[in-house]
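Reader: I have just opened this structure and would like to learn how to read it. Could you take me through a few features, one at a time?

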Amino acid sequence: MAHTNMVYSAHGTFGGCSSDYPESTGSAEVTTFGEETLIENDIDGMSSVWIKFQEQGISGEVLQIIKQSWRESTRSQYAGFIKKWTSFCSERDIRFLHPTLNDILEFLLMLHKKNLSYSCINTARSALSCFVKIDGIDVGKHPLVSRFMKGIFQIKPTKSRYNEIWDVNVVFDYIRNMENNELLSLKKLTLKTVTLMALISSQRIQSIHNICLSNMCVDESKYVFYLGKIKQSRPNCKSFYMTLEKFPSEEKLCIFHSLTEYLKRTDGLRNGCDKVFISFLKPHKQVSKSTIARWIKTFLGSAGIDIKKFSAHSTRAASSSAAKQNGVPVGEILKRAGWSSEKTFLKFYNLNIVKNN
């Protein structure tokens with residue numbers, strides 16, 4: 001039977017490796033299964049992964065570097081399912097690092113019975129593959145697990161979020177009817193600029209949030225931003241840049257003119273902040289990715305787009321679908337938006353444009 005103790009876990013050590021948990025005043029429940037130790041309520045949810053590496057004699061310094069191979073967003077996705085797995089093991093007295101194949105399948109079945117989507121269950125499979133092997137094979141690649149997941153897909157196939165997309169001309173017409181940039185309030189100028197940037201670049205909200213003044217080059221006709229480490233960044237891949245060119249035929253739709261006015265207006269408000277977009281309210285601090293998404297969604301709603309149906313991320317599909325419809329080569333669209341596969345664009349982003357929004 002499992003033996004349970006209550007211990008304080010914040011900033012402790014685990015197998016000789018310092019745990020980098022944030023400050024906490026609570027406790028975590030540690031359960032022992034034979035020689036296995038399970039932190040059931042660990043803060044980051046990834047302790048099971050680190051334990052598996054420590055089992056192999058990997059040093060703490062090496063482990064700290066291995067941890068960085070999972071991006072924060074991936075660790076966040078995996079953590080919830082790993083916590084579900086450790087809870088599942090605790091309730092059934094299962095060796096969570098060395099389960100049987102049937103244990104894995106029953107866990108995935110439990111998630112299916114809770115009406116989770118194929119995508120969620122597949123994420124759980126990937127999370128377990130980080131630290132569980134069956135017959136010497138990563139659990140996610142086991143033939144029977146793969147066959148089970150194919151069955152889940154047949155029962156509940158994945159669907160694209162959108163089958164159709166709004167017409168960018170609706171937003172452009174709204175912008176044409178706005179006052180000139182110099183006459184707009186800082187709030188309206190901010191929302192207009194960030195939305196235009198999303199449409200012109202077809203970049204993710206993450207990329208727009210990451211752009212910095214220190215990574216900006218500007219001349220008389222364009223802005224170029226180095227995007228740094230983003231979702232599509234990987235080894236042996238060229239660095240990604242966002243280029244925003246002047247559109248002289250229509251100044252109100254020109255991202256170069258809008259961004260120039262925005263940077264001029266915010267120059268004395270930054271207090272050393274390097275990020276391009278700052279709050280239009282005092283004390284004008286750096287904003288989060290979710291705030292930028294909310295700005296875009298607010299602007300789309302003002303333009304007449306159904307924001308109950310479409311998120312801020314829909315600008316990526318709207319702009320790239322419009323580009324494709326207007327004859328822009330697919331290769332150029334992929335390069336601008338940062339897609340490495342034409343299949344991704346054609347399957348998820350090349351949508352039918354609805355003229356009536």
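Author: Let us begin with a pair of helices: helix H4 (residues 101-113) and helix H6 (residues 143-155) pack at an angle of about 15°, with their axes 11 Å apart. That angle makes H4 roughly parallel to H6. Before going on, note that this is a predicted model, in which local features need pLDDT of at least 70 and side-chain atom pairs count only at pLDDT 80 or more, while totals for chains, interfaces and linings use all residues. Residues are numbered from 1 along each chain as its sequence is written, and side-chain values use heavy atoms, with hydrogens and water left out.

Reader: What do the helix labels and the angle rest on?

Author: Helices (H or I, at least four residues) and strands (E, at least two) are DSSP runs, numbered from the N terminus. Axes are lines fitted to C-alpha atoms, for helices over the stretch in contact, and angles run from 0 to 180 degrees between N-to-C directions. Under 35 degrees counts as roughly parallel, over 145 as roughly antiparallel, 65 to 115 as roughly perpendicular and the rest as oblique.

Reader: Which residues of H4 and H6 meet?

Author: Contact means heavy atoms within 4.5 Å. On the H4 side are Leu101, Ile104, Leu105, Leu108, Leu109 and His112, and they meet Leu144, Val145, Phe148, Met149, Ile152 and Ile155 of H6. By class, this contact of H4 with H6 has eleven nonpolar residues, one polar and no charged. Here Ala, Val, Leu, Ile, Met, Phe, Trp, Tyr, Cys and Pro count as nonpolar, Asp, Glu, Lys and Arg as charged, and the others, Gly among them, as polar.

Reader: At what angle do H7 and H11 pack?

Author: Helix H11 (residues 289-303) packs with H7 at about 85°, their axes 9 Å apart. H7 and H11 are therefore roughly perpendicular to each other. Val170, Val171, Tyr174 and Ile175 of H7 make the contact with Phe299, Leu300, Ser302 and Ala303 of H11. The residues of this contact of H7 with H11 divide into seven nonpolar, one polar and no charged.

Reader: And how do H8 and H10 pack?

Author: H8 and helix H10 (residues 255-266) pack at about 140°, with axes 9 Å apart. H8 and H10 are therefore oblique to each other. The contact of H8 with H10 has eight nonpolar, four polar and three charged residues.

Reader: How does one look for empty space?

Author: Rolling a probe the size of a water molecule over the atoms shows where empty space is left. On a 1 Å grid over the protein atoms alone, a cavity is a set of points where a 1.4 Å probe fits but cannot get out, and a pocket is an open set with protein on both sides within 12 Å along at least five of seven lines; lining residues have an atom within 4 Å of a point. Grid points are joined across faces, edges and corners, and a volume is the space filled by probe spheres set on the points.

Reader: What volume does the second largest pocket have, and which residues are closest to its centre?

Author: Its volume is about 700 Å³. Of the 28 residues that line the second largest pocket, Phe172, Leu199, Ile200, Ser319 and Ala323 are the closest to its centre. The largest share of the lining, five residues, comes from H12. By class, the lining of this pocket has 15 nonpolar, seven polar and six charged residues.

Reader: How many cavities of 30 Å³ or more are there?

Author: The count comes to two. The second largest cavity has a volume of about 30 Å³, and Glu179, Asn180, Asn181, Lys192, Glu251, Lys252 and His257 line it.
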